[in-house]
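Please examine the sequence and the structure shown below before reading on.

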Amino acid sequence: MTSDHLSTTFAALADPTRRAILARLISGETSVTELAEPFEMSLPAISKHLKVLERAGLIARGREAQWRPCRITAGPLRDVADWVAHYRRFWTESFDRLDDYLREAQKKEKKHGHGKNHVK
Amino acid sequence: MVTGKTMSNEEQELVLTRVFDAPRELVFKAWTDPKCVAQWWRPRGFTNPVCELDEQPGGAIRIHMRGPDGTVYPMTGVYQEVVEPERIVFTSTPLDAEGSALFELLTTVTFAVQGGKTKQILRARVIKRTAQAAQYLKGMEAGWTQSLEHLAESLAKM
């Protein structure tokens with residue numbers, strides 16, 4: 001994934017309406033009219049948001065002229081979530097170990113009575 | 001214990017807050033002394049065969065993490081700021097097997113005294129990313145699959 005592609009995804013996700021649309025689509029594909037219902041927005045405004053999501057590859061739309069059902073395509077979203085999820089997990093596990101390390105270091109300090117000598 | 005984690009919308013930032021029951025100087029040392037860092041800077045089940053830190057602005061970071069299956073995940077980085085004992089800023093770049101950069105993160109860690117304990121806040125964001133990045137994450141996270149429910153949760157938190 002290029003950084004430009006990622007920027008497109010991030011930009012698409014930066015808007016709360018578009019995130020709400022995606023959250024709605026997770027429960028299944030639906031029509032534009034149905035999607036527009038919970039938002040106080042005109043159909044053209046919703047269509048604009050859908051175009052941004054479509055360009056980012058986050059949703060796909062059916063080809064039927066009248067009823068163009070929208071569905072979520074999780075690929076780019078998963079890529080975005082991945083680095084955050086990955087690093088959240090990485091650091092959380094590392095910090096558990098850091099916590100143990102700090103506990104041990106303080107125990108040793110007390111035991112040997114070196115006090116601040118162990119601290120830079 | 002993780003007390004806070006949020007991801008801002010525009011910057012896609014990872015923020016992790018944690019309070020350690022230890023003096024700030026000790027926590028800072030644990031972040032900057034290579035011998036200390038090697039003991040904790042890695043995922044569960046990993047070891048650090050290489051851990052070299054030149055803890056000064058412009059100084060290099062070189063850490064190799066070896067997974068339980070023997071695969072080595074090297075990373076390099078550069079310190080941007082080292083302000084003892086309150087703040088460290090560094091870039092980090094995980095490398096693939098050929099030594100090419102996958103993506104680059106900017107990480108800021110701050111340490112504040114909080115009633116005899118130390119409140120640490122880590123912020124990280126991607127500043128560069130390449131095509132191999134997704135593959136790398138997939139490898140390191142083997143066995144970890146993300147369902148649509150997980151995606152729904154992520155979206156709800158954003």
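In what order do the elements of chain A run from the N terminus on? The model is a predicted one, and in it the order for chain A is α-α-α-α-β-β-α. The chain has 120 residues, of which 27% count as buried. Among the contacts in chain A with a separation of 6 or more, 49% are between residues 24 or more positions apart.

Helix H2 of chain A spans residues 16–25, and its buried residues are A:Arg18, A:Ile21, A:Leu22 and A:Leu25. Viewed down the axis of H2(A), these buried residues fall within an arc of 95°, and they therefore line one face of the helix. An α-helix has 3.6 residues a turn, so residues three or four places apart point the same way.

How do H2(A) and H4(A) pack, and at what angle? Helix H4 of chain A comprises residues 43–55, and H2(A) packs with H4(A) at an angle of about 75°, the two axes being 10 Å apart. Because angles of 65 to 115 degrees count as roughly perpendicular, H2(A) is described as roughly perpendicular to H4(A). On the side of H2(A), the contact is made by A:Thr17, A:Arg18, A:Ile21 and A:Leu22. H4(A) contributes A:His49, A:Val52 and A:Leu53. The residues of this contact divide into four nonpolar, two polar and one charged. A:Arg18, A:Ile21 and A:Leu22 are among the residues in this contact, and they are also among the buried residues of H2(A).

Attention now turns to chain B and its strands. Strand E3, residues 47–53, pairs with E4(B) in the antiparallel sense over five bridges. In this pairing, the bridge partner of B:Leu53 in E4(B) is B:Ile61. The two strands form a hairpin with six residues between them, and B:Gly58 in the turn has a positive phi of about 90°.

E4(B) also pairs in the antiparallel sense with strand E5, residues 72–83 of chain B, over seven bridges. Here B:Ile63 stands opposite B:Met75 in E5(B). The hairpin of E4(B) and E5(B) has five residues between the strands, and in it B:Gly70 takes a positive phi near 95°.

Which residues of E4(B) belong to its covered face, and which to its uncovered one? The covered face of this strand, residues 60–66, consists of B:Ile61, B:Ile63 and B:Met65. The uncovered face holds B:Ala60, B:Arg62, B:His64 and B:Arg66.

Conventions
Residues numbered from 1 in each chain as written. Chains lettered and ligands numbered in written order. Predicted model: local features only at pLDDT ≥ 70, side-chain atom pairs only at ≥ 80, totals over all residues. Buried ≥ 20, exposed ≤ 12 C-beta atoms within 10 Å, placed from the backbone. Helix = DSSP H or I, 4+ residues; strand = E, 2+ residues; numbered from the N terminus. Arc of directions from axis to C-beta. Contact = placed C-beta atoms within 7 Å. Axes fitted to C-alpha atoms, helices over the stretch in contact; angles between N-to-C directions. Parallel < 35°, antiparallel > 145°, perpendicular 65-115°, else oblique. Nonpolar A, V, L, I, M, F, W, Y, C, P; charged D, E, K, R; others polar. Pairing = 2+ DSSP bridges.
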